[in-house]
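Look over the model shown here. Then try each question before you read its answer.

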Protein chains: 2
Amino acid sequence: MKSDLDTLMQVGKLDAIVVLGDAEHNPPMYYFVGGGHVTGAVLIKKRDQAPVLFYNDMERDEAAKSGLDTRSLNQFDLEELRKQANGDMLLATAMRLQKILADFGLTRGRVGVYGHTEFSSTFGMMLHLQKLMPEVEFIGESGMDSIFLRAMETKEESEVARIRKMGKVTTEVVRRVAEYLTSREVRTDEVLLKEDGSPLTIGDVKSKINLWLSELGAENPEGTIFAIGRDAGVPHSAGNPTDLITLGKTIVFDIYPCEPGGGYFYDFTRTWSLGYADPEAQALYDQVHEVYNKVLDNFDLNAPFKQYQQMVCEYFESKGHKSQLNTKAPLDGYVHSLGHGVGLNIHERPFSGLQAGDDHRLAPGVVVTSEPGLYYPEKGMGVRIEDTYWMRPDGKIELLAEYPYDFVLPMKKWKKK
Amino acid sequence: MKSDLDTLMQVGKLDAIVVLGDAEHNPPMYYFVGGGHVTGAVLIKKRDQAPVLFYNDMERDEAAKSGLDTRSLNQFDLEELRKQANGDMLLATAMRLQKILADFGLTRGRVGVYGHTEFSSTFGMMLHLQKLMPEVEFIGESGMDSIFLRAMETKEESEVARIRKMGKVTTEVVRRVAEYLTSREVRTDEVLLKEDGSPLTIGDVKSKINLWLSELGAENPEGTIFAIGRDAGVPHSAGNPTDLITLGKTIVFDIYPCEPGGGYFYDFTRTWSLGYADPEAQALYDQVHEVYNKVLDNFDLNAPFKQYQQMVCEYFESKGHKSQLNTKAPLDGYVHSLGHGVGLNIHERPFSGLQAGDDHRLAPGVVVTSEPGLYYPEKGMGVRIEDTYWMRPDGKIELLAEYPYDFVLPMKKWKKK
């Protein structure tokens, strides 16, 4: 939780943190500022002190909405600094940041730097700053272990409420998609038809998903996976817009929207087969569903997350599938890990890979996905089931948005002969 | 243009470039890959050679859609490297990148690093890599001058076609908003009413904007400015969702959507006053409109962009307003610069600030905004007019999307008594 940051800074031996960039679509900045049209900002937090946000004047009112202590970047004369730097803008911005840090008494020690930015210019500035301030050690932290990822790992109830709300939006969109698909007329070659009689494509369905997400107050900055056939068999194939929707093929529908402006995400997957199922796909589905339930039945507060990845690998291997347990980077079978934390990042701590540390645990307050799957691209099929759970401080495990687990969705206007 | 990259690398003394991160919402990567669900990728381009994209296996089919030479990152055993690195993931990824670079014969020279990423982890990796490869100089370039911004500065016709299409989407959404607003019933206190009789808010209008953008196949990752009264007087105030829409106040509507997944942007602003206008606001509007036309009449191919900023500052100062010409960081009057390039970045080269170099020119192929404005937050008013223009190779200046310049929008169901 955010209140852990000072302790995490102490453990990580950080005297201060600097967050750069915009308030939107930038998790570390959003964590403090809460979004809004604040761009190219600088946030400084010394250990055990409140953060201070430096804004550009045109965004002074937007910055004020953060409720933070705010100051204008325009108090530093960037043009004058640029002259001193012989026109080198990267050096000038480094000199400005040096002045800001000096105003906080930061002339030595360890400083972590964060923010979703264009790497090139920030890197160029930091190389100058490191030379300007040789007694400060500027630190970059791993996306697995940074103090932000560790603080964000456990959520306050107010954060979970926002994730839960995105879960309701998500499942409502999924419900509308199912209703739309199953209401379609079907051509003799088992292709679904639109209202105007033309074939329904992946692209058509994605347009509707985007429209409904927008209508319900969410956005999907990372897209949506709606993949059929072979594409369903490659976990991150997003689906080919011109592919036709047909009966009897696995459709993997993985949807991960967030609050507008880059707020909290939800993560959810269902796999469907319209009208009827290929028996081999049905068998895969049954195995995925069985192990999904097995994992859930065994979820224990504070258990290492990877212990469930081990369980799923062992289960699938016992059924004759490859997994990461005994195959390096398998291309079919169970090819990914079980789940991940969800918050301001769609993927965040705790992680469940077999190599993850024991500190990636189902600790009270974490919000995690469980998403076993089986993939056979050469057979044109793939299956994944995913929901998002909150490990509540009271020890209960809460499914954040309910939705049925039907694999075959019966078509209202079509019957198998 | 992309074909300029090799020359730009030569001028910038870069032996290779490395682009990191996702294909979406990451302009340098999108420039090569063209979007798609490709995450955590590495793209290497040696000077005078074609780029090579390294992907994660789960995204092999998405990567293949780029049409680039693609290779799997899984050929490098990250877990083994992590063991060698005593569990330090940043060092392990640096070792992997070292191997990739070595495979390209890159063991010395200058290498530029780019990509919209979480700075902290990329910085941590690069600090390791620089130590591992002391004979390579890793470079970060300014957001004003990087080889990418210079290549992207001039557009191919196919890129302009995509910007123009976003322009059509943008003006269609603006038309729908105008139609919706002017069709509203009005309360005796001049507040607009929704269909259900409750007051219409900024938040309601923004929901409609998002819905219509989505319906027309665009997204607005950076939000939309729809600001009334004082907020209209602060250029980057995005508008307070609970503010009511009322007659006779300036409304600044600045909309900058892009193709889904972080493709090409369009940038557009109109200022409206519903029903009637405050005479002082009308006078501001007339001045902004006059100088907008004056700039357009004087646009010359190849002229330095800042020469028009100078023209606008002089015009506004002659009318008694402050500008950057004689006031450092003014908070009212004309407080920003005239325009900027538009492409995969909403703000890119050429820039028009008075301090911009003469190389920021209206060269054939650039796509730029012209957006003069006047701001008086304490008087509760602000005005901006903005369109996006293409400096065509044939010397013509093309407005990429037409839209009327009316300031007062008459209300269909309300008349001034």
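This is a predicted model: local features need pLDDT of at least 70, side-chain atom pairs count only at pLDDT 80 or more; totals for chains, interfaces and linings use all residues.

Residues are numbered from 1 along each chain as its sequence is written, and chains are lettered from A and ligands numbered from 1 in the order in which they are written.

Q: Which element gives the most to the side of chain B that touches chain A?
A: Two residues are in contact if their C-beta atoms, placed from the backbone, lie within 7 Å. In those terms, 55 residues of chain B are in contact with 55 residues of chain A. Helices H3 (60-64), H5 (89-103) and H9 (202-215) of chain B are among the elements that each supply at least two residues; helices (H or I, at least four residues) and strands (E, at least two) are DSSP runs, numbered from the N terminus. The most, eight residues, comes from H6(B).

Q: In S6(B), which residue is the bridge partner of A:Glu118?
A: Two strands pair if DSSP finds at least two bridges between them. Strand S6 (residues 116-118) of chain A and S6(B) pair in the antiparallel sense, over three bridges. In S6(B), A:Glu118 has as its bridge partner B:His116.

Q: Is B:Asn86 buried or exposed?
A: B:Asn86 sits in the loop between helix H4 (78-84) and H5 of chain B. Its phi is positive, near 55 degrees, in a residue other than glycine. A residue is buried if 20 or more other C-beta atoms lie within 10 Å of its own, exposed if 12 or fewer, and partly exposed in between, with C-beta atoms placed from the backbone. B:Asn86 has 8 C-beta neighbours inside 10 Å, so it counts as exposed.

Q: How many other C-beta atoms lie within 10 Å of A:Glu190?
A: A:Glu190 is in the loop between strand S8 (185-186) and strand S9 (192-193) of chain A. It is not a glycine, yet its phi is positive, about 70 degrees. A:Glu190 is partly exposed, and the count is 17.

Q: Within what arc do the buried residues of H11(A) fall?
A: The buried residues of H11(A) include A:Tyr308, A:Val312 and A:Phe316. An α-helix has 3.6 residues a turn, so residues three or four places apart point the same way. The arc is that of the directions from the helix axis to the C-beta atoms. The buried residues of H11(A) line one face of the helix because, seen down its axis, they fall within an arc of 150 degrees.

Q: Which helix gives the most to the side of domain 1 of chain A that touches domain 2 of chain A?
A: The domain assignment of chain A gives domain 1 (2-150) and domain 2 (154-409); such bounds come from an automatic or database domain assignment. 10 residues of domain 1 of chain A are in contact with nine residues of domain 2 of chain A. Helix H2 (27-33) and helix H7 (147-153) of chain A each supply at least two residues of the domain 1 side. The most, three residues, comes from H2(A).
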